[in-house]
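This report covers packing and charge pairing in one protein model. The sequence and structure come first.

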Amino acid sequence: MTPSSDILAEGIYQIHFEWQVFFSQLLGFAVIVWFMVKYIVPWVKKIMAKAQGDIRKQIEENEQASARLSKAKKVYDEGMAEAKAELAQLLEDAHADAENIVVKMRETAAAEVERVGKQGRDQIELMRRQLIRDLKADFSKQVMAHTTESVREQVQSPQIKSDAVEKFLDDLQAMANTGSSGRTRTQSQWN
C-alpha cells in the first residue's frame with residue numbers, strides 16, 4: 001500500500017475522504033432542505049395553524065357550553081329548591097285549611113242539627129200529628145238551606161268553598177235520606 005494523503009486511518013478499515021462526493025451529497029442535502037423549507041414547511045404550518053385554530057375554536061365552544069350548562073344547572077337547582085319550598089308550604093297551608101274547614105263544618109252542622117232538632121221536637125210536642133207530615137217534606141230543605149248559607153259564610157277560598165259545600169251538601173242529603181227511617185221510628189214512639 002502506498003501512503004496517500006487521502007487516507008485518514010490505516011488498519012483493517014481504510015477510510016477515504018472524497019471531496020467531490022461530500023460536496024455533491026451536501027449540495028443534494030441543501031436542495032432537499034431548501035425544497036422542504038420553501039414548499040413543504042409553509043404548507044405544513046398552514047395545515048397546523050388551521051388545525052390549531054379549529055381546536056381553539058372547539059375548546060372555546062366547549063368552555064362556553066360548559067358555562068351555559070353550569071348556569072342552567074344552577075338555575076335548575078334553584079328552581080327545584082324554590083318549587084320544593086313552595087310545595088311544602090302549599091301542602092302545609094292546604095292541610096291547615098282543610099282541618100279548619102272540617103272543624104268549622106262539623107261545628108256548624110252539629111249546632112244546626114241541634115237547633116233544628118230542638119225546634120222540631122218542640123213543634124212536635126205542640127202539634128204532633130199535623131207537623132209530622134210537614135217536617136218530613138220541609139226538614140231536609142230547611143237544614144240544607146240554612147247549613148249551606150252558614151258554610152258559605154265560613155269558607156273564604158272560592159275553590160275550597162265550592163268543593164267543601166258540594167261535599168257537605170251531598171253528605172247532609174245522604175244523612176237526610178237515611179235519617180228518614182230513624183225519624184219514622186221516633187214518630188211512631190210519640191204517636
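How many residues apart in helix α3 are lysine 167 and aspartate 171? They are four residues apart, so about one helical turn separates them. Helices here are DSSP runs (H or I, at least four residues; strands are E, at least two), numbered from the N terminus.

## Basis of the model

The model is predicted: local features need pLDDT of at least 70, side-chain atom pairs count only at pLDDT 80 or more, and totals for chains, interfaces and linings use all residues. Residues are numbered from 1 along each chain as its sequence is written, and side-chain values use heavy atoms, with hydrogens and water left out.

## Nonpolar core

The largest nonpolar core has nine residues. They are Ile101, Met105, Ala109, Met144, Ala164, Val165, Phe168, Leu169 and Leu172. Two elements give two or more residues each: α1 (19-126) and α3 (158-190). Helix α3 supplies the largest share, five residues.

A nonpolar core is a set of buried Ala, Val, Leu, Ile, Met, Phe, Trp, Tyr and Cys residues joined through side-chain atoms within 4.5 Å. Buried means under 20% relative accessible area, exposed means over 50%, and partly exposed lies in between (1.4 Å probe, protein chains only).

## Salt bridges

Side chains of opposite charge can pair when their charged atoms come close. A search of the whole structure finds three salt bridges. The criterion is a side-chain nitrogen of Lys or Arg within 4 Å of a carboxyl oxygen of Asp or Glu.

In α3, the pair is lysine 167 and aspartate 171. Their closest N and O atoms are 3.4 Å apart. Lysine 167 is exposed at 52% relative accessibility. Aspartate 171 is partly exposed at 35%.

Helix α1 holds lysine 73 and aspartate 77, four residues apart, so about one helical turn lies between them. This salt bridge has its closest N and O atoms at 3.6 Å. Aspartate 77 counts as partly exposed, at 38%.

## Glutamate 112 and its partner

Which residue forms a salt bridge with glutamate 112? Arginine 115 does, with the closest N and O atoms 2.7 Å apart. Glutamate 112 is buried, at 6% relative accessible area. Arginine 115 is partly exposed, at 40%.

Glutamate 112 also touches His146 and Thr147, leaving aside residues up to four places away in sequence. Contact here means heavy atoms within 4.5 Å.
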